[in-house]
Amino acid sequence: MKQIGYIVVFLLFPLFRCLGAEMYPSGTGSFFYNMPSGEITDTLKVFYHIPEGYERASMPVVIGFHGNDRDCSYWIETWREYADKKGFMFFIPWFTHSNFPTRRYQEVGVKDDNGNILPLRQRTSALVDSLICHILKNSGTRERKATIYGHSAGGQFVHRFMLLNNSPYVKKAIIGNPGWFTFPSTDEDYSYGIKDLRETDNNSLRNMLGKNIVLQLAEGDTIRESFLRKTPEADRQGRNRLERGNKYFETLNALAEKNGWDFNWRRVYVPDVGHDAVAMSRHAAEYILNDTVSVYMR
């Protein structure tokens, strides 16, 4: 009988791992995450808020990606209000400047310090994919996929993460006000284009264009402030974030039409807002998470 019990446990173990273990208590807190296997050894601090008063097993998961100020505090404060109101869990990993400079955060770790292309398992995208899987398995939810949202530098991360990493754990991605984009152009090297990336072929591009992705653009994000990238390559995309976002969306739409591919992206404009992470987060949490955004579509 004891042997039979061991066999049953062995056979059911993979199921138990996916049911959610409720590792994190309700309320606001944090934990540290290390990738259990692979070649990325960084430790991430992850902040979260899990509201009380809801059935945890049915709660959706939203994961945020902060801007280049690397400040998670006001993100937790803003998203906590909507998590409590709408009944979802919110998590935000902290990517410090020291461990995750631009090439490892905004550019998802595609290249090393010398400009060499790194294998997928060594990129920040692999670490994030592992983290999302960990959250889904250990937060107590039955959800098997998460929604991800990034603003500014976080928007850069999210759009490149979706372009270069076919994650099985993301059901929806919202990209807010990126400073510059990686275009599906074979005429420019990464991070402005994909000339030097072997993993971006027609199949991967078609797959990315068919995903549930929202490009969220602030109508007032037209200022060329000091921290906007102004390289010749970036300025070819537009003079400001709004112009660059519009050009990126139209380029993707034209690529899909040219090849007869599905294009499931949506472009959403936020009126009376500039480059403001709090205002854009509030808009995303209020209107875009539940797809009630038709009034804002153009």
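Biologist: What joins strand β5 (residues 146–151) to strand β6 (residues 170–176)?

Modeller: Strands β5 and β6 run parallel and are joined by 6 bridges. Two strands pair if DSSP finds at least two bridges between them, so β5 and β6 meet the criterion. Within this pair, Y149 stands opposite I174 in β6. This is a predicted model, in which local features need pLDDT of at least 70 and side-chain atom pairs count only at pLDDT 80 or more, while totals for chains, interfaces and linings use all residues. Residues are numbered from 1 along each chain as its sequence is written, and side-chain values use heavy atoms, with hydrogens and water left out.

Biologist: How many helices and strands does the protein have, and what makes a stretch a helix or a strand?

Modeller: There are 8 helices and 8 strands. Both are DSSP runs numbered from the N terminus: a helix is H or I with at least four residues, and a strand is E with at least two.

Biologist: In what order do the strands form the sheet, and why do β1 and β8 stand at its edges?

Modeller: The order is β1-β2-β4-β3-β5-β6-β7-β8, in an open sheet of 8 strands with mixed pairing. Strands β1 and β8 (266–270) each have a single partner strand, so one side of each lacks a neighbour in the sheet. Neighbouring strands are turned by 20° against each other on average, direction ignored. Axes are lines fitted to C-alpha atoms, for helices over the stretch in contact, and angles run from 0 to 180 degrees between N-to-C directions.

Biologist: Which strands does helix α4 (residues 153–164) lie across?

Modeller: Helix α4 lies across β3 (61–65), β5, β6 and β7 (213–218), and runs at about 135° to β5. Contact here means heavy atoms within 4.5 Å. Q156 belongs to helix α4. Apart from its neighbours within four places in sequence, Q156 contacts Q106, P178, G179 and W180.

Biologist: Why is Q156 called buried?

Modeller: Buried means under 20% relative accessible area, exposed over 50%, and partly exposed in between (1.4 Å probe, protein chains only). The relative accessible area of Q156 is 5%, so this residue is buried. Of the 298 residues of the protein, 53% count as buried.

Biologist: How do you know that α3 is largely enclosed by the rest of the structure?

Modeller: Of the 15 residues of α3, 15 are buried, so the rest of the structure largely encloses this helix. The expected span of a helix is 1.5 Å times one less than its number of residues. For α3 this gives 21 Å, and its end C-alpha atoms are 21 Å apart, so the two values agree. Just after α3, G140 takes a positive phi of about 95°.

Biologist: Why do E39 and R121 count as a salt bridge?

Modeller: A salt bridge is a side-chain nitrogen of Lys or Arg within 4 Å of a carboxyl oxygen of Asp or Glu. The distance for E39 and R121 is 2.2 Å, N to O, so the pair qualifies. E39 lies in the loop between β1 (27–34) and β2 (43–50), and R121 in the loop between β4 (89–94) and α3 (124–138), so the bridge ties together parts 82 residues apart in sequence. E39 is partly exposed at 41% relative accessible area, as is R121 at 49%. The structure holds 17 salt bridges.

Biologist: What does the salt bridge between E286 and K85 tie together?

Modeller: The side chains of E286 and K85 meet at 2.8 Å, N to O. E286 lies in helix α8 (residues 277–288) and K85 in helix α2 (residues 73–86), so the pair ties together parts 201 residues apart in sequence. E286 is partly exposed, with a relative accessibility of 24%.

Biologist: Are R244 and D235 buried or partly exposed?

Modeller: R244, at 0%, is buried, whereas D235, at 22%, counts as partly exposed. Their side chains meet in a salt bridge of 2.8 Å, N to O. Salt bridges with shared partners join R224, D235, R239 and R244 into one network.

Biologist: Where is Q237 found, and which residues is Q237 in contact with?

Modeller: Q237 is in the loop between α6 (232–235) and α7 (241–259). Leaving aside neighbours within four places in sequence, its contacts are W180, F181, F183, Y192, E243, R244 and K247. With a relative accessible area of 5%, Q237 is buried.
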